[in-house]
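Reader: Could you zoom in on one part of this model for me and walk me through how it's packed? I'd like the cut-offs too, so I can check things myself.
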There are 2 protein chains.
Amino acid sequence: MRNAVDCGGEFGRIAWLRRLFSGVAAPGRVKLAIGDDAAIVEAKGGRWVWTIDACVQDVHFAWPWLTAYDLGWRSLQAAVSDSAAMGAKPVAALCSMALPAQTGAALWRGIARGQASAAEATRCPIIGGNLSGASEVSLHTTVLGYARKPLLRSGARPGDELWLIGSVGKAAAGLAVLERVPQAKRSNAMRACVRAWQRPNALVKQGVRLCSCAHAAIDVSDGVAGDARHLSDASAARVVLQASLLEQAAGKIVAEVARALEHSVLDLVLFGGEDYALLAAGPARHRPAFARCIGHVDRGRGLWLEHPDGKRVALGSGYDHFRYHRGGTL
Amino acid sequence: MRNAVDCGGEFGRIAWLRRLFSGVAAPGRVKLAIGDDAAIVEAKGGRWVWTIDACVQDVHFAWPWLTAYDLGWRSLQAAVSDSAAMGAKPVAALCSMALPAQTGAALWRGIARGQASAAEATRCPIIGGNLSGASEVSLHTTVLGYARKPLLRSGARPGDELWLIGSVGKAAAGLAVLERVPQAKRSNAMRACVRAWQRPNALVKQGVRLCSCAHAAIDVSDGVAGDARHLSDASAARVVLQASLLEQAAGKIVAEVARALEHSVLDLVLFGGEDYALLAAGPARHRPAFARCIGHVDRGRGLWLEHPDGKRVALGSGYDHFRYHRGGTL
């Protein structure tokens, strides 16, 4: 793992990545991919949705928690998820990969293979990027997506239901398992949660479908509380989460792992994040089959959690990732 | 510099950056900037030119060499330069900024101010990005540019002149001064070279103009030898550099500093890089006033340096930044 020479230096790496990434079919509008100063994408009617996301060693992940392949997969899925949350179909991605000089071929090729598989799975070819030295591994992935009419955070209206698409709590439970339970002692449920953290899937199809039925959407990268709060702030509306519906949404596997770890299911769902589920607001009559209702939008401001006895507690913005060494989208 | 609390954590930083960056006018086609999951850019006829570039602490720069403002400025100009080299006018940029948790407000605001000034100077608004923790400072800047017909590396033809636009050697001389000459002992020429390294300017207007007269172009980020080699490889043509024309192009200031440091002017020009000049190939009759001829394109392969006595020496690709802890574009 510490042999830098056998991967042929920068140009050798680039040639290798070029071959790997060109295996993913690019849509007709990608006119030029890896090999020049920049990638070229054709312009047509509609809107590009363009995002950048970071995955930094010892901030977003630590090596024992995932393989190089998992890291590559995760980093692309997380970036695509931001574009899916706006209802965009990904068109292409670029990745700026920073690696220590002594990084061996197995590691960086593993990362690139994970990226390429995720590119295939999301139909989002990696059409360029940058390689640079660094003291720690970091991946900065930018995705350009296309939507006829993107779905913003700011469109939620009083009377809307709040919808959850995909699973929540699993990734946070998985991370807790990675940190606290030795591999040999992990139950099947624990392994499923670890897998959810290691290999998230951006909900592209669902995001695109939401464009025609929802008023607003956001992806759940910071936990339901943080992202519902963003939705509430941007829409200048009150968002009320139903505690019982959230616990139901978390499901049996999360409940089992939470019990084993003496964690609260609600805490995992509200503050855990990294599932890359989607949160959307829309009228009840338009709720698609893949979405489940977890609350509603009201007149007023702020984020509230309603318990089965009808008691409501305010949820502050509270969760500031930067203080926890992580980060967020501008 | 070590007070992380006074800048209000992630959301405070983002709000501050949003205010700062929104001061730069966005063209009409930018439909949504900072504040949602991704930025939205309208699609029209033509081509987007899309690139990402990295600036990593202790790889691309060291703190005593530049201020936070310089770093912000440099990082945006370097990314815009890649797009200018394809004849594209920048439309917008996103930046993934990774900072140690203890980074003080003065530092990250200084970086952002430098970015905003460069955004103003290049008319390339920063419309989104990502903030994350890290153990070292790094900026990963992606630029989307627009060109009716982008200029590639691969278009050089036998019979073309090789053109240089902008200055070369100054930035490399400046870096050598930063490394070896204490501030109090620097001559005016040395200070000019240091400034060239600290505050490069992407040649956007010239790049756009080249579209109508050149067959191929590339920016000189790796030194004339490395980038002329890329042009030669991509165009499957021989590129011959004239040593005397290169020395003339370097100019008096570089010559003076090279003499003082006992450096070879040719080495600075050929292997120094980071001036963000442009290299282009085109027919002599179409050479614009801002370009100077430094060689020509021939049938054959490879990169050659011709000395005034007519002797030619082959220049190998030789300069692999990854081995020197730097990096390169995919």
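Author: Let's start with a term: a contact means heavy atoms within 4.5 Å. Helices (H or I, at least four residues) and strands (E, at least two) are DSSP runs, numbered from the N terminus. Keep in mind that this is a predicted model, where local features need pLDDT of at least 70, side-chain atom pairs count only at pLDDT 80 or more, and totals for chains, interfaces and linings use all residues. Residues are numbered from 1 along each chain as its sequence is written, chains are lettered from A and ligands numbered from 1 in the order in which they are written, and side-chain values use heavy atoms, with hydrogens and water left out.

The part I'd pick is helix H4 of chain A, residues 170-180. Eight of its 11 residues are buried, so H4(A) is largely enclosed by the rest of the structure. Buried here is under 20% relative accessible area, exposed is over 50%, and partly exposed lies in between (1.4 Å probe, protein chains only). The buried set is A:Ala171, A:Ala172, A:Ala173, A:Gly174, A:Leu175, A:Ala176, A:Val177 and A:Leu178. And what do they pack against? Three helices of chain A: H5 (188-198), H8 (243-261) and H9 (265-271).

Now for some strands in chain A. Two strands count as paired if DSSP finds at least two bridges between them. Strand E7 (residues 161-165) of chain A runs antiparallel to strand E11 (residues 291-298) of chain A, with five bridges joining them. In that pairing, A:Leu162 has A:Gly295 as its bridge partner. E11(A) also pairs with strand E9 (residues 238-242) of chain A, again in the antiparallel sense, over four bridges. There, A:Arg238 sits opposite A:Asp298.

Over in chain B, strand E8 (residues 216-220) is mostly covered, with five of its five residues buried. E8(B) is joined by five bridges to strand E10 (residues 277-282) of chain B, and the two run antiparallel. B:Asp219 is the residue opposite B:Leu278 in E10(B).

Last, the cysteines. With a disulfide defined as a pair of cysteine sulfur atoms within 2.5 Å, the count over all chains is zero. A:Cys211 is in no disulfide, as the nearest cysteine sulfur, that of A:Cys213, is 8.7 Å away. A:Cys211 is partly exposed, at 27% relative accessibility. In chain B, the sulfur of B:Cys213 is 8.7 Å from the closest cysteine sulfur, in B:Cys211, too far for a bond. B:Cys213 is buried, at 8% relative accessibility.
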